[in-house]
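Thank you all for coming; I would like to walk you through one model this morning, and I will begin with a term that we need before going into the particulars.

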Amino acid sequence: MKDVLAAFFERYTRVVPSDGEYIGEDGLFYCKKCNTPTQCRIRVGGMERIVSCMCRCRKEDQEAYEKKLEETSRRNRVMSLKAREYRKRRYSAGHSIQRMTVR
């Protein structure tokens, strides 16, 4: 099992930082924009491994995106409920008018 984990982490651990990163004193990659780590050390199966993690500015961007998505979803739900209520009132008003004219 340890061999499988080691192979997995070896395969998916980046060796070269991207354009927006630099290598810090501790050997981890750091974001150039917010100067927080984009990698962290974890212990898995008794072995210490370096994995990717989100820096502060990326977390903030992700939270802002999720908040905007939630607001959009809420707004769409409200509009849908309003449209449904409008159709219901319009139908019931039109239906009662038809009954009045038929009788």
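Predicted model: local features only at pLDDT ≥ 70, side-chain atom pairs only at ≥ 80, totals over all residues.

Let me start with how I will speak of exposure: buried means under 20% relative accessible area, exposed means over 50%, and partly exposed is what lies in between. With that in hand, take E71, which has a relative accessibility of 41% and therefore counts as partly exposed.

Now to the overall layout. Of the 103 residues in the protein chain, buried residues make up 16%.

E71, the residue I opened with, is found in helix α2, which covers residues 56–102. On the surface E71 belongs to a patch of negative charge, where it gathers with E60, D61, E63, E66 and E70.

Which residues are linked in a network of salt bridges? They are E85, K88 and R89, and E85 takes part in both of the contacts that I will now describe. E85 forms a salt bridge with K88, for which the closest N and O atoms are 4.0 Å apart, and these two residues both lie in helix α2 with a spacing of 3 residues, about one turn of the helix. E85 also forms a salt bridge with R89, where the closest N and O atoms are 3.2 Å apart; here the spacing within helix α2 is 4 residues, again about one turn of the helix. As for accessibility, E85 counts as partly exposed because its relative value is 34%, whereas R89, at 58%, counts as exposed.

Another salt bridge joins the side chains of R41 and E48, with an N to O distance of 3.3 Å. R41 is partly exposed at 38% relative accessibility, and E48 is likewise partly exposed, with a relative accessible area of 48%.

Let me move to the aromatic residues. A pair of aromatic rings is described by the distance of the centres and the angle of the planes. How many aromatic pairs does a search of the whole structure find? It finds 1 aromatic pair. The rings belong to Y22 and Y30, their centres are 5.8 Å apart and their planes stand at 20 degrees, and because planes under 30 degrees apart count as stacked, that is how this pair is classed. Is Y30 buried or exposed? Y30 has a relative accessible area of 16%, which is under the 20% limit, so Y30 is buried. Y22, on the other hand, has a relative accessibility of 29% and so counts as partly exposed.

Around these residues there are two C-alpha separations that I would like you to find on the screen. The C-alpha atoms of G20 and Y30 are separated by 8.4 Å, with the residues 10 apart along the chain; G20 itself sits in the loop between α1 (2–12) and β1, and it is partly exposed, with a relative accessible area of 37%. The C-alpha atoms of I23 and P37, which are 14 residues apart along the chain, are separated by 9.2 Å. I23 lies in strand β1, residues 21–23, and at 49% relative accessibility I23 counts as partly exposed.

Finally, a word on the backbone. Most residues other than glycine have a negative phi. N35, however, has a positive phi of about 60 degrees although it is not a glycine. Where is the place of N35? N35 is in the loop between β2 (29–31) and β3 (39–44), and its relative accessibility of 48% makes it partly exposed.

That is what I wanted to show you, and I am happy to go back to any part of it.

Terms used: Residues numbered from 1 in each chain as written. Heavy atoms only, no water. Phe/Tyr/Trp six-rings, centres within 6.5 Å; stacked < 30°, edge-to-face > 60°. Buried < 20%, exposed > 50% of the residue type's maximum accessible area, 1.4 Å probe, protein only. Patch = residues over 30% accessible without salt bridge, like charges linked within 9 Å, V, L, I, M, F, W, Y side chains within 5 Å. Areas by Shrake-Rupley, 256 points an atom, 1.4 Å probe, with all protein chains shown as cover. Lys, Arg positive; Asp, Glu negative; His and termini not counted. Charge placed at Lys NZ, Arg CZ, Asp CG, Glu CD.
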